[in-house]
Amino acid sequence: MFDKVLIANRGEIAVRVIRACRELGVRTVAIFSDAERDALHVRLADEAFCVGPPPAARSYLNVPNIISAAEITGVDAIHPGYGFLSENAGFAEICASHGFKFIGPPAAAIALMGDKASAKRRMQEAGVPVVPGSGIIETDEQAKRFCAEAGYPVLIKATAGGGGKGMRIVGRETDLGAGLAAARGEAQAAFADGRVYIEKLLEHPRHIEVQVLADEFGHVIHVGERDCSIQKPGHQKLLEESPAPNLDPEVRAQLCAAAVKAARAADYANAGTLEFLVAPDNQFYFMEMNTRIQVEHPVTESVYGIDLVRWQVRIASGERLTVRQEDVRPRGHAIECRINAEDVDNGFRPVSGKLGTVLLPGGPGIRVDTHIYSGAEVPPFYDSMLAKIIAVDRDRPSAIARMRRALDETEIHGVATTVALHERILASEPFEAGHTYVTWLREYLLQPAAVGG
Amino acid sequence: MPENIDGNGSTDASFSRFVSERVAPLAKAFASTPLAELRVRTSEGSIRLVKAVDAPAPERAPAVAKALLRGSKQHLMPTVESGHQYDVISADVVGIFSPVAGASSAGERVGEDTVLGYIEALKLKHPVRSGGPCVLIAQVAEDGQAVDFGEPLFVVDRAEAPKAPEPILEPLEPPRL
């Protein structure tokens, strides 16, 4: 096992990783920006280093300063968390070349799965179904031919994309040229890579993803699925649950088997997630692989009793994954609500400021992963997530009831949050019935606010 | 909070609009900075904001400088006494600090682009430069110390060095329409 680990991240995930390390008897080094001297992860770590001014590009993405901090403190390994440098194959290589174990998959697997086009190709070769797609679009003519064949509507996506940037839905051929131009421009601005491709747009699909764990000796298991169909406009997840409601057991088994096959095809190690779109006819398609721990990992941990972050550290330190597939069994149902500092009525605009009183829920079956506390600052420079509330209970209706109770207990003063929106979602008939899909929330928000309690 | 707001006495409508729309947000931003005085000139007018400050007891310069360092690490910390401005030269990379042996000692005048020390990071030595003529007040980081971003290394007094040209904020002038 490692002696000391540097956590190259901030917020709740830095806190989560520090906790896992401490439970394993591993000392921790936090990094922080000038804006986060009093952050919880800085307080909880054994050592902490300021690596730059507030903007993330100059602090949490400042590779020379992060590596220098790792050298000075003499750590064995670096955990990247999610976001920031977590899916940067170059960073994984730099870690290795400086003698630090990167707590995540091999750099080659990150590079392979990080490029959506190469990822899809590899999955197709492995026999995992993928959404019909065009490959990189060179000319508008080529785009037109593909769309005519696949049928509208289509989705234009950035090759280097993520988080909904560089995405455009096109419903008919006359809008195709303008859609391509807009997506290319957005992709160029966001990722310095203007290449785009086109996919057939599935109507009313669900987002269901499968957690995988793999050690460095070729043992791969899946840890069940998560339904992440409740998404904000812009394809950002807001609420996740496991197991996926109303999912045919046979389809579930096929999804999980496909995920294991996909992880093997990518020569994967450590924790990862295969994202699929599941159409109403139960056809499913590989979308992308996230080569890191995910925000919504506690849902899986709660249902399967497997500590994914601890396993990340153990696997990276060279341990064998001792969990057998037949021992992976779900118990009950878990739901996670992301509590963001956002003005929901104002297009989910992120808000920042000093928090007043913060009262977070507790009691049976409630887990809260957070970095906030009463009086803490919410800086404007980073993502707007404040906390994740996870409710687990014996079945879905009781987990929903437990989550509603927890949200009712939650008090966060000083900034607008998504708490009330979650209450509305949980009280809505389609959610209770488990009949939601990726664009459901966007449509629901456009309805008059008559729904809910 | 600002104690007084000096306008230029104009009473026309555009100036009062300027005051009502622009001064309040400016004053709020100013209040959150460590600056003691702020002058702003725009095409609409000029204002000077001055903070009410509890007058500190006069102290010897290095003591004042050290006291200033205890708070947040600001790059520029003006004091209210006798027009002195102590400037903190801080680390902009994470690494191991070492002063340049015998380059300068406290009280010494330092030239335009003098290298005062180095920060070694990833086997590269990053020079710590004076950033303009100044008088060295104190070295506050120790030889061999691991420094993080923003860590104060030297306190210098730029006021005693040959004066840099005044910023073009003066004189206050009437608003232009």
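This is a predicted model: local features need pLDDT of at least 70, side-chain atom pairs count only at pLDDT 80 or more; totals for chains, interfaces and linings use all residues.
Start in chain A, where 4 strands make an open, antiparallel sheet in the order β6-β9-β7-β8; strands here are DSSP E runs of at least two residues, numbered from the N terminus, and two of them pair if DSSP finds at least two bridges between them.

Residues are numbered from 1 along each chain as its sequence is written, chains are lettered from A and ligands numbered from 1 in the order written, and side-chain values use heavy atoms, leaving out hydrogens and water.

Next, select residues 154-158 of chain A: this is β7, joined to the antiparallel β8(A) by 3 bridges. Zoom in on A:Val154 and you will find A:Val170 of β8(A) opposite.

Now switch to chain B. Another open, antiparallel sheet of 4 strands is there, in the order β9-β8-β6-β11. Its edge strands are β9 (124-129) and β11, each pairing on one side only. Select 115-121 of chain B for β8, which runs antiparallel to β6(B) and is joined to that strand by 4 bridges. One pair to display is B:Phe97 with its bridge partner B:Ile119 in β8(B).

From here, turn to the interface. Chain B brings 13 residues to the contact and chain A brings 17, contact meaning heavy atoms within 4.5 Å. Together the chains bury about 1,000 Å², 62% of it on carbon and sulfur atoms; this is the accessible area (1.4 Å probe) lost on putting the two parts together, summed over both.

For the last stop, select B:Lys123 and A:Glu71. They form a salt bridge (side-chain nitrogen of Lys or Arg within 4 Å of a carboxyl oxygen of Asp or Glu), with the closest N and O atoms 3.9 Å apart. Finish by showing β6 (95-99) and β11 (146-147) of chain B, each of which supplies at least two residues of the side touching chain A.
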